[in-house]
Each structure stands twice: as structure tokens, then as C-alpha cells.
There are 2 protein chains.
Amino acid sequence: MSRRLSWVASAQDEATDFPLDNLPLCVFRRAGSAQAWRIGAGIGTQILDLRAAVTAGLLDPLSAALIEACSQPSLNALFALGTDAVGALRSRLQDLLAEQAPDTNKTAGCLLAQAEVEHTVPAQVGDYTDFLSSYHHAYNVGMMLRPNDPVLPNFHTIPIAYHGRSSSLLVSGEPVYRPRGVQRVAHGSNDTRFGPTARLDLEVELGAFIGPGNRRGHAIPVDEAGAQVVGLCVLNDWSARDIQSWETQPLGPFLGKNFATTLSPWVVCTQALAPYRTEPAPRRPEAPALDAYLQPAGEHWTYEIHLETRLSTPAMRERSLPAVVVSRSLFSRDSVWTFAQMVAHHTVNGCNLRPGDLLGSGTLSGPDVGSEGCMLELTRAGSKPLQLPSGEERRFLEDGDEVSITAFCERPGLPRIGFGQCVARIEQAP
Amino acid sequence: MSRRLSWVASAQDEATDFPLDNLPLCVFRRAGSAQAWRIGAGIGTQILDLRAAVTAGLLDPLSAALIEACSQPSLNALFALGTDAVGALRSRLQDLLAEQAPDTNKTAGCLLAQAEVEHTVPAQVGDYTDFLSSYHHAYNVGMMLRPNDPVLPNFHTIPIAYHGRSSSLLVSGEPVYRPRGVQRVAHGSNDTRFGPTARLDLEVELGAFIGPGNRRGHAIPVDEAGAQVVGLCVLNDWSARDIQSWETQPLGPFLGKNFATTLSPWVVCTQALAPYRTEPAPRRPEAPALDAYLQPAGEHWTYEIHLETRLSTPAMRERSLPAVVVSRSLFSRDSVWTFAQMVAHHTVNGCNLRPGDLLGSGTLSGPDVGSEGCMLELTRAGSKPLQLPSGEERRFLEDGDEVSITAFCERPGLPRIGFGQCVARIEQAP
């Protein structure tokens, strides 16, 4: 499958995240303006303003419901229409932006440069759920806590998850304030202190946005669950390990996580990801047979998505040293659950998902050195600091550090697509 | 302080939950109608329709912002204005409804019978947080899990909490569907089965609605935190103990809780509760000194609120046997944290609260037999079933069972106020 060509020159760039095959969705406005937030589609270095496209009549062939949804200040109404509707919108946008498109002047009038806009979180997230889906993450962290029994028996049987915080979901670029709190002074100790966290961490994840969702009491069968995911983004689930360590029993993480979660501005639609469907990793030998509600009768696939995490420090930026890659993950390898299985599990008890709800994949750690999805693992709880090109070391994140996570799909013969950036800098609390 | 009298006859009833001193807020519409949801204030057996009151000009002396907030379909905008604004609204409503009010005809035209309306959840809850604040609940449940170490050391130092599910917050009267899921077959066993929960439980709690909230990164000092709570309701945090038991490590409760949480329709404002302020229970002797952010420099108070939980079964209703009281809690005795301390803790790491966010107190269990706030404790994990007047036993809840929680404040010389009912019936999943 070769790449589709666009008359937007920057979309032809070999290195672009946003060729015509991608067209990720976002919510944006002109930077610094008081414009209403509006939906956009990324193409090369440009954004197609869908609100402007509606006004210009460019979306007239679409249904009234779709046109109405494209005029909204968030993606919720569009997601509520489901993946087929998003697919219809994408087809129309691809027709407008394709190399052979007639009458491109009107469309060009709805484009503006990504450099000139600011973003907000793409959907109003009613509930944000974060999963634990990487065996290696569970194993590596478990080894620090319970070396004789690192992976709990429930891990293999169900997708473990907890509810995260919606209010502190941030869009890429917003600062992350170092949280204060009561923290465990050292592993295994019951001594605590109060102050700014000394163990601020990142977590490399993918986020999945939910489409129509389900009525309370009505589970979504796993074979229908993949279609409930309308698109994916990159997610950084910031964590304060010392706060988390003290508070986490018996009810799980709270202040150690809920101060910030950063999302990339772009939602890569499942249609763009379809060429990168691949078989899920085989179940581990010690894992028991799956309960039927988690076992698809039909197709069983995940997405082959690479993630790269880069770190830069103030000293590195001062000396113009580029950010250094500290971790490389691969979703299809590192998650033992597909998003379809996560959706089926989430609803099997009758819990209702709503349009725009967000699922986090959980930290994506792989089997190799350098594929661990958080500092806690990368530095073995701080005992093996990262060595940086500036001569500095990092056990955990320090003020001024900037973490950037990118993701992309790339395979010979297939058009490369990317997710843009999920980036944020650590600041002292105001 | 004697009771304020109203020209609404039913508000004079000795047994009413809603004398003029109370005036709890709700969101309602005429039952079965397609009316827009509107804000109401309860008085006796009646509701004052605030949207109608705005139209009739009855709220004209109030600020434009307050009048606008009273016309909304949820309480969020009103809560965002803060407790003083709610106080101003209450004063105006009390003037309109007081025995000596002039020109009551117009006001009477905005009243309708509570029996003729239906309710919805009073605020759009962005995030729902549930705390663990009863020592006896922690102790009783801990004894089942870790008899040598029932109460974890963190319990005494910080308010333990987790994020609950917003999408499945229900208003009193909505059915609760028995959840399905992978569940632990027996305590201590790693054997599981899939099916409807066999250990469906209730949890007796108060809910607190947040006012203006805080900007991310800016903690709310504990001395200012009480004013962030605009009102309280009754909350039942339904739980499936066998599902919860299997999934809960290491990230806390998920499917065992997120299928349903029921709220009473009425928000009792803190002005109505002010006469029932009382000193918090003394800290337990084994509890260490509090970190400064949890220790008020000024006034330190909680609310003296009684809760009663009633159970009825289909067989009891068939034989016209009244629901039986199974539990009596007392918030000021049973919670080791005040809502001010919960707010201060929630924000100390910079987490932002938004108007209409909901805090659950956690299960309110007291020291005495019959004051335990859930079936797990009341029946000692099912080993001592409740004996019902129908001759039936209950270890956990069965289909058709109806749980009703009420709450009230009552003290000689003070006007009694009540919270209305938080009731729901268990049904098979559809």
C-alpha cells in the first residue's frame, strides 16, 4: 500500500507524522486568541479548520449530524457518532486534500499552520481509566516490592485498572508542577516526610478515546469492543513514586498520580491505524485460559505502534545538546491486552462508558534494557542513574527537565504515520 | 434556636426533613415530562421551582450571576459561585417562604408537589473521589484480611482515597444491576469464577459537593477548605466484594465499585448544617501528630449527622412488613477526617477540584454492633447473617432487595433537618 499524495506540500515530506493517510484530529484555536475552540485535522505542517470547512460548505456531502459534530468545540459529539461516521468524515477530508482534488482554493482557505495554533485536550473526558497491561512493567516493579512473587496471579486473568483523574488531564506543552505530599522516606520504611516529591517519574502510555459507549448494565462484547475505540493518542501518566508508595494501600494510587496526566493533542483515528493491525503477543506460558468474555471469537488484533521517550535537562538545552532517547516501547509487544479486551473488561460488570472517555494502556515496558517505560524501571528505583550527554545523572525527574514522548507506525511498504508529540516540562509548584 | 416558620403548611410538620431552616437543593422536572431539568429547593412536601421563580421575578434582588445560575439545568454554576452566594440565595428563598412573607401568591405559583417530580443527579460530577475515613470500617475489614495488622500505618497519617466512577453516579430510585465479573471464590483462595457477584454490598456514606475549587498547582489550605464544601448528600457506594477481592491489588477497586453509586437527590447546604457543627472525634492514641497541612490553625469542626440504613426484601414487601433498620452511623463519631481535611489533602499535591466535584466520606462504621456501614461488616463476611422479620436471612444483598439510607440532624433546642432518601433496588443485569 503506497502513500496517498496531497496537494499540501508539507504532507509529502518523508518525515512528516501527518501524511494524507493519517489526518489526525485535534481541538485548537489561533494561539493567544480568544477564538472558540474548534476541531482540526492535521495534514503535513498544516491544520484544516473543520469549523471553517463547514462554513465554506466543504463538508456539505456529509450527514447533518456529522456537520453539526464538526462545528463543536470538542470531539465528543463526533466520537458519539462512532467509527463509521469518523470514517465518512475522513474520506471526505481525503477527497478535499488529495493531489487530484478539484477546486482546492476553498480548502486552502481553511488551512493554517500548526505553528500558529494552540491546543486543548481533544475531548471532555468524563472518566479516565488507566490500565496495567505490560507484563514487564508489572514484573520490574513487582521485583522491587515482592522479589519472591513479583507478578500477582490476577495480572494474567483480567486487565487490572484504576480510575484516574479527569480534571488534571493536560494537553502537550502545559507545565507539570512538582507535587507536594506525605511520602515514604525509603522503601520498606514507615517513616514519612512532607514536601515536594523526590521521585517524580514519567509513564509511557497510549490513550484510547471511546466512541458511542454503552448503556449502563449492557456489557460490550469483546468482538464489538474494537469498534468502540475511535482513535489513539500518546499519554504520559506522571507519577510521584514516594507519595504513591505511602498512600497506595489499600485503595490504590491517588495523590501520587492525580496531579497531572499529559496527552498529545492529536487523535490518530483507527482507520489510519488499520494497516498496522497485527496479532497480539502470545499469552505467557504461565497464564491460564482466558474467560470467554475476554476471548474474541472473531478477529483478534492489536496495533503495531512504536513509542520513543526523550529527555532533556536545562543544562543540555543550555549547551544545545539534543534531547536523548531514554526509552523505546512497542505497544503490540508490550501490552498483554488489546484495547478491545480492555473495553470488554471495563463494561462486563455493566459500567457505562461515555463518548470521549479515555483509557490509558498502562506503562509500556518491554523485555529489553532501554525499553522500560518509566524512570523507576530505567534506573532500578534510582540505583542505576541515567547518564546524560551533559555529564549529568538522573535518578528521577528534576525541575526544568522536559520529557517528550512520540509514537509512530512504520513498516516497509506501508505509509509511515506519526502521533505528534506529548511533551511537558517540570516546574516547581507555584 | 427555634425553628423558622413557613406559610407552606407541610413545612410545619414535626417530622418533615425539609423545614424552612433546611431548604435543600435538587435538580428535577415534572415526572414523565420532557421538561428541561431545573433547580429546586425542598420545603415540606413541596419544591420551589427556581427557574419559575426567576421568570416570575422573585429572585430579582439577587445578583445577575446568581439569577443566571438558578436558571441552569444543574447545580454546577451555582456551586461555582461559592458558599456565600448559596447563602444569599437561601436568605432570599427563606424571605419568600417565611410565615410573614408578603405577597405569597406569586411564590405559591412556583411550588409543586415532590410527589409529582423526578430527579436527576444534582450536579454534573467531573470527578468523584471516595475516601476511607472510618477507623472502625478500616479495622473491621482489616481484621478479615490481616488479623495481626488490621489497620495500616498510613491510615492515621493521611486521608486514604481513590477515584471513583462518574458515569455510573445514579440518583435515588434508579435500579442497581447486579454486576458480573471474575471473582474470587473464597477468601485466601486464588481460584476464580465468572458470573454475577455473590457478594453484593452497600456502603453508607455522606457525599460532599465542591464549590469554586482551585487552580491546578494551588493547594487549598485546611483553614479555607471547609468553605469549599457547599453541601452534603447521602451516598451509597455499592460494592461487589468478590470481584473487588480479586482485582484490587495493586491498583485498588475498579469493577467491584464502578457499576453504580447512588446519591440522594437533595443537597443539604452547609448553612443549614451550621447549627450542627461539632468538634471532631479525638485522634486515636496510636495516631501520630498530624502534618501541618491537615491541622487547622483556626476552628476545627465537623457535622453531627446521623445516618440510618433500612433493608426490605421482596418477601417483606409482599407481607407488608416495613423495611428494617440494619445500621445506624454518626458522621462526627465515625469519620476520623473532616471534609475540610479531605479537601486540603486532595489538593495539597496541586490536584485541581472543579465546581460540582463529589467527595464520598467513605463507609461510616461506628464502634458498636449495629453501627457497621456495610453488609461485609454487619454479617462478618457472611458468617453471621442478618435475621429479617420475614424469617429470611441475608449474608449479602439479593435481587429485589431494597436499601434505603436516610440522614438527619437532631438536637434538643435545634430545628431538626433531614436529607431525604437514598434508595435503590437490586435487579438482575438486563
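Visitor: Hi! What should I know before looking?
Guide: This is a predicted model, where local features need pLDDT of at least 70, side-chain atom pairs count only at pLDDT 80 or more, and totals for chains, interfaces and linings use all residues. Residues are numbered from 1 along each chain as its sequence is written, chains are lettered from A and ligands numbered from 1 in the order in which they are written, and side-chain values use heavy atoms, with hydrogens and water left out.

Visitor: Okay, is Glu377(B) buried or exposed?
Guide: Glu377(B) is buried (under 20% relative accessible area, 1.4 Å probe, protein chains only).

Visitor: And which side chain of opposite charge is nearest to Glu377(B)?
Guide: That is Arg380(B), 5.8 Å away, and Glu377(B) has no salt bridge (a side-chain nitrogen of Lys or Arg within 4 Å of a carboxyl oxygen of Asp or Glu).

Visitor: New topic: how many salt bridges cross the interface of chain B and chain A?
Guide: The rule finds four. One of them joins Arg165(A) to Asp127(B), with the closest N and O atoms 3.4 Å apart.

Visitor: How much area do chain B and chain A bury between them?
Guide: About 5,200 Å², with 58% of it on carbon and sulfur atoms. Buried area is the accessible area (1.4 Å probe) that two parts lose on being put together, summed over both.

Definitions and conventions:
Buried means under 20% relative accessible area, exposed over 50%, partly exposed in between (1.4 Å probe, protein chains only). Lys and Arg count as positive and Asp and Glu as negative; His and the chain ends are not counted.
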